[in-house]
Number of protein chains: 4
Amino acid sequence: MIQSSAKNSGRKAVLNTYRTRSLLEATRKVIADGGFDAVTMERVSAEAGLTKGAVYLYFPNKEQLILAAVEEIFSEMVERIEAQVDADAGPWERLVQTLRAELTIMEEQRDLIRALLLDRRLFRDSPGGHQARRLFKYRDRHEERLKHCLDEGVKKKIFRTMDTSQAAFYINEMAVSTAWRRMIGRSAQPLERDIEQMLAFIHLLIHKRARYTAG
Amino acid sequence: MIQSSAKNSGRKAVLNTYRTRSLLEATRKVIADGGFDAVTMERVSAEAGLTKGAVYLYFPNKEQLILAAVEEIFSEMVERIEAQVDADAGPWERLVQTLRAELTIMEEQRDLIRALLLDRRLFRDSPGGHQARRLFKYRDRHEERLKHCLDEGVKKKIFRTMDTSQAAFYINEMAVSTAWRRMIGRSAQPLERDIEQMLAFIHLLIHKRARYTAG
Amino acid sequence: MIQSSAKNSGRKAVLNTYRTRSLLEATRKVIADGGFDAVTMERVSAEAGLTKGAVYLYFPNKEQLILAAVEEIFSEMVERIEAQVDADAGPWERLVQTLRAELTIMEEQRDLIRALLLDRRLFRDSPGGHQARRLFKYRDRHEERLKHCLDEGVKKKIFRTMDTSQAAFYINEMAVSTAWRRMIGRSAQPLERDIEQMLAFIHLLIHKRARYTAG
Amino acid sequence: MIQSSAKNSGRKAVLNTYRTRSLLEATRKVIADGGFDAVTMERVSAEAGLTKGAVYLYFPNKEQLILAAVEEIFSEMVERIEAQVDADAGPWERLVQTLRAELTIMEEQRDLIRALLLDRRLFRDSPGGHQARRLFKYRDRHEERLKHCLDEGVKKKIFRTMDTSQAAFYINEMAVSTAWRRMIGRSAQPLERDIEQMLAFIHLLIHKRARYTAG
DNA sequence: TATGAATGAGCTTTCATTCAT
DNA sequence: TATGAATGAAAGCTCATTCAT
């Protein structure tokens with residue numbers, strides 16, 4: 001009896017999770033397809049196979065729906081990037097792995113990322129800034145990772161002395177810029193070449209002497 | 001009669017120009033005030049002292065109005081930047097002057113630029129890409145300037161050998177990133193410090209040896 | 001030329017007034033027909049021969065539309081009542097004329113008044129109380145009139161000494177109650193009889209001695 | 001088996017009653033809190049510790065739920081009023097006790113009564129008038145009580161000769177008006193003073209001669 | 001008996017665009 | 001050239017009610 005009851009609430013929880021996931025997925029699809037302005041309760045719900053009203057059973061309003069979807073995107077990205085980095089590798093190698101993963105993953109979800117890069121209004125310093133702060137968390141965590149590599153490299157005298165916090169910011173921005181250039185159709189090269197060129201610049205920026213060689 | 005007609009068309013042309021300018025100015029103000037979503041024909045026309053309907057005499061639709069306004073912003077920015085660069089100075093100095101001007105001018109129109117950085121949908125690779133292409137023109141011209149400096153520096157053996165086209169892109173992106181970071185409230189320092197730090201990084205990136213010293 | 005221009009703006013003003021009136025009329029009709037909950041922008045606009053959107057050219061929102069309509073009803077009622085009172089008559093006669101007018105006019109717009117009596121939420125002491133206050137103005141003015149009669153009667157020693165302010169309130173409430181009873185179908189008598197009976201009570205309440213005789 | 005079944009249905013009946021009471025209580029609370037418009041199945045059921053769907057096991061629809069809740073309010077009020085009247089007292093005293101109780105009880109449930117006075121749509125002469133009739137029952141019973149007092153007073157030659165039915169109606173309306181005035185914030189005095197002033201008027205209205213003195 | 005997910009109809013409001021004047 | 005009234009197509013959100021479990 002207890003089991004069946006547990007099963008029951010289990011089923012419900014599962015359904016709930018499924019619907020929530022389903023809606024987030026749908027939202028992502030719509031964002032990728034037409035940007036944030038295309039996100040209509042109508043469209044999202046249709047995409048998820050529900051009616052408008054049903055969405056409100058899972059999210060209190062459109063804003064929260066979008067925020068949750070975007071947060072999920074970021075969180076997933078950060079996790080996937082971290083998963084591709086070999087913790088035992090040296091600082092420069094880890095930096096390279098991180099940036100390579102970042103760009104590869106962005107390329108994988110081209111449309112979605114393009115939409116996010118084209119429309120950054122979610123980062124607006126809204127009143128209270130709750131929303132923006134929630135999203136910056138992921139960026140901060142990512143930059144922190146980069147900073148760790150830099151700090152270690154500096155300590156090991158492989159990298160120059162520098163303000164590693166600033167450097168991490170600029171390095172990440174270079175990665176984002178590289179993606180951005182591709183997304184808006186301003187780079188005809190294969191991703192790999194873009195990555196190599198970017199890494200060459202970053203190498204110049206931080207390394208003490210050695211010339212950069214692909215790898 | 002002919003004279004009067006000429007006069008008339010002269011007057012008309014003047015009036016036409018005046019109205020157009022007026023509308024673009026108004027559009028800018030509205031964008032600065034509330035971003036692109038705040039741009040309604042109602043608000044713009046009111047700000048310009050006209051009525052909604054009249055806007056359609058000068059622009060075929062909202063999209064073109066916004067595009068023209070943004071184009072004007074960019075064109076003006078590029079011109080103002082160029083005006084602040086001493087053509088006789090050395091390549092590094094010209095680079096510094098350019099970037100300093102870029103960031104200072106952006107800071108001057110903080111609200112407007114924040115809106116443009118938050119919402120870059122105009123750069124979407126629209127069908128035909130007409131729109132985006134019109135805007136890229138200014139960016140390209142600006143990057144071209146940066147590239148000239150770099151090329152000259154390379155030729156004079158002051159700068160390292162490098163893909164100056166790529167470098168110009170990244171350097172400009174670093175400037176934009178610096179502005180962006182300020183606009184979303186992620187930098188508490190005075191602009192001047194942000195500029196100095198950025199220049200230090202760029203110096204590392206391109207110079208052959210000499211350590212960078214502020215100036 | 002000036003004339004034609006004057007005519008033009010005149011025409012526009014006239015049209016504006018006409019539409020506004022038209023919408024208020026429509027709102028009244030809908031209220032009379034189905035109470036405040038029946039007031040839908042859709043229904044009102046259709047009744048006025050317009051589309052939903054057009055209503056917003058004349059009223060900023062539904063609340064203001066309703067408020068304006070109700071205010072108009074009250075203002076009109078007060079005016080019409082006052083128009084039916086002979087300023088030269090004695091205080092009791094004026095009182096009688098006032099109450100008779102009040103009830104007759106209410107009866108004339110039976111459905112409308114019923115809706116107002118059934119749903120008095122507009123008088124809710126809303127935050128700020130702006131709305132309620134606007135409406136109480138008319139009631140206050142009406143009670144003031146009644147009070148004047150009472151004061152004069154007291155002064156002339158026709159009426160008893162009393163708190164005339166309170167009395168005015170209760171007397172008006174008796175009139176409203178009389179109407180209310182009719183509207184909810186709890187009085188089968190002709191209006192005239194209801195009025196007479198009410199007046200008899202009021203006579204008892206305020207007169208010094210003389211028995212009341214219909215008049 | 002039979003016993004257990006009996007027990008079961010006993011339990012069931014008890015549970016049923018409990019749930020019903022619970023829901024009515026919840027409905028009252030919600031009405032008091034935000035008026036009839038605040039009554040949503042969601043809110044009521046949550047307040048009663050149930051889910052939306054369950055409400056339909058005890059009431060066929062929202063209308064009946066509200067009607068039952070309001071009926072209960074009225075029934076309770078009438079009972080409580082009657083409980084506070086000394087059956088052996090004289091007619092005037094009983095009248096005074098009745099009205100005093102009425103107003104005191106209304107004041108006790110200020111929020112609830114305000115909601116009922118602001119929104120009397122339940123008394124609408126609905127098709128068939130079933131609903132209204134159910135509610136009028138309580139009012140009629142209350143007025144009947146008042147009428148009894150009046151009849152007795154007339155018989156004992158303490159009160160004037162009058163249409164006691166009408167008088168009962170008006171007297172009750174005066175009580176309601178007094179409460180109403182307080183609820184919409186148009187009386188700053190303590191309840192006791194309002195009651196005294198009202199009683200003074202009623203005294204004038206019905207008594208043969210004696211001046212009214214508080215009591 | 002009880003749940004709560006889902007529906008579907010309805011509501012207010014906004015706005016680009018058109019067009020008679 | 002200029003007006004501004006009008007349209008019409010959305011969009012976000014709410015809620016009574018139903019129904020499979």
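Biologist: Which residues does Gln189(D) touch, not counting residues up to four places away in sequence?

Modeller: In this predicted model, the contacts of Gln189(D) involve both chain C and chain D. Once residues up to four places away in sequence are set aside, Gln189(D) touches Gln166(C), Arg182(D), Asp194(D) and Gln197(D).

Biologist: Where in chain D is Gln189(D) found?

Modeller: Gln189(D) belongs to a loop of chain D. The helices on either side of that loop are α8 (164-183) and α9 (191-206). The location is therefore, by the helix assignment used, the loop between α8 and α9 of chain D.

Biologist: What length has the polar contact that joins the side chains of Gln189(D) and Gln197(D)?

Modeller: Gln197(D) is among the residues that Gln189(D) touches. Their side chains are also joined by a polar contact, for which the cut-off is 3.5 Å. The length of this contact is 3.2 Å.

Biologist: How are the two copies, chain A and chain B, related?

Modeller: Chain A superposes on chain B with an RMSD of 0.4 Å, through a rotation of 178° and 0.1 Å of shift along its axis. The two copies are thus related as by a two-fold rotation axis.

Biologist: What area is buried between chain A and chain B?

Modeller: The size of an interface is often expressed as the accessible area lost when the parts come together. Here carbon and sulfur atoms give 58% of the buried area. The area buried between chain A and chain B is about 3500 Å².

Biologist: Which residues in chain A lose the most area to chain B?

Modeller: Of the about 3500 Å² buried between chain A and chain B, the side of chain A has three leading contributors, which together make up 20% of what that side buries. They are Leu118(A), Tyr170(A) and Phe201(A).

Biologist: Which residue forms a salt bridge with Arg121(A)?

Modeller: The rule finds six salt bridges across the interface of chain A and chain B. In the one formed by Arg121(A), the closest N and O atoms are 3.9 Å apart, and the cut-off is 4 Å. The partner of Arg121(A) is Asp119(B).

Biologist: What share of the atoms of DNA strand F that come within 4 Å of the protein do sugar and phosphate account for?

Modeller: Of the 31 residues around DNA strand F, Lys62(A), Tyr58(B), Arg19(C), Tyr58(C) and Lys62(D) come nearest. Among the atoms of DNA strand F within 4 Å of the protein, sugar and phosphate account for 69%.

Biologist: How far from a phosphate oxygen of DNA strand F does a polar side-chain atom of Lys62(D) lie?

Modeller: Backbone atoms also approach phosphate oxygens of DNA strand F, with a distance of 3.1 Å for Met41(A) and 3.0 Å for Met41(D). For the polar side-chain atom of Lys62(D), the distance is 2.7 Å.

Biologist: Which residue has a side-chain N or O atom 3.4 Å from a base nitrogen of DNA strand E?

Modeller: Phosphate oxygens of DNA strand E lie 3.4 Å from a polar backbone atom of Val39(B) and 3.0 Å from a polar side-chain atom of Thr51(D). The contact with a base nitrogen of DNA strand E is made by the side chain of Lys52(D).

Conventions
Residues are numbered from 1 along each chain as its sequence is written. Chains are lettered from A and ligands numbered from 1 in the order in which they are written. This is a predicted model: local features need pLDDT of at least 70, side-chain atom pairs count only at pLDDT 80 or more; totals for chains, interfaces and linings use all residues. Side-chain values use heavy atoms; hydrogens and water are left out. Copies are superposed by least squares on the C-alpha atoms of residues with pLDDT of at least 70 in both. Buried area is the accessible area (1.4 Å probe) that two parts lose on being put together, summed over both. A salt bridge is a side-chain nitrogen of Lys or Arg within 4 Å of a carboxyl oxygen of Asp or Glu. A residue is near a molecule or strand if one of its heavy atoms lies within 4 Å of it. A polar contact is a pair of N or O atoms within 3.5 Å; within protein, one must be able to donate a hydrogen and the other to accept it, and residues adjacent in sequence count only if both atoms are side-chain atoms. Helices (H or I, at least four residues) and strands (E, at least two) are DSSP runs, numbered from the N terminus. Contact means heavy atoms within 4.5 Å.
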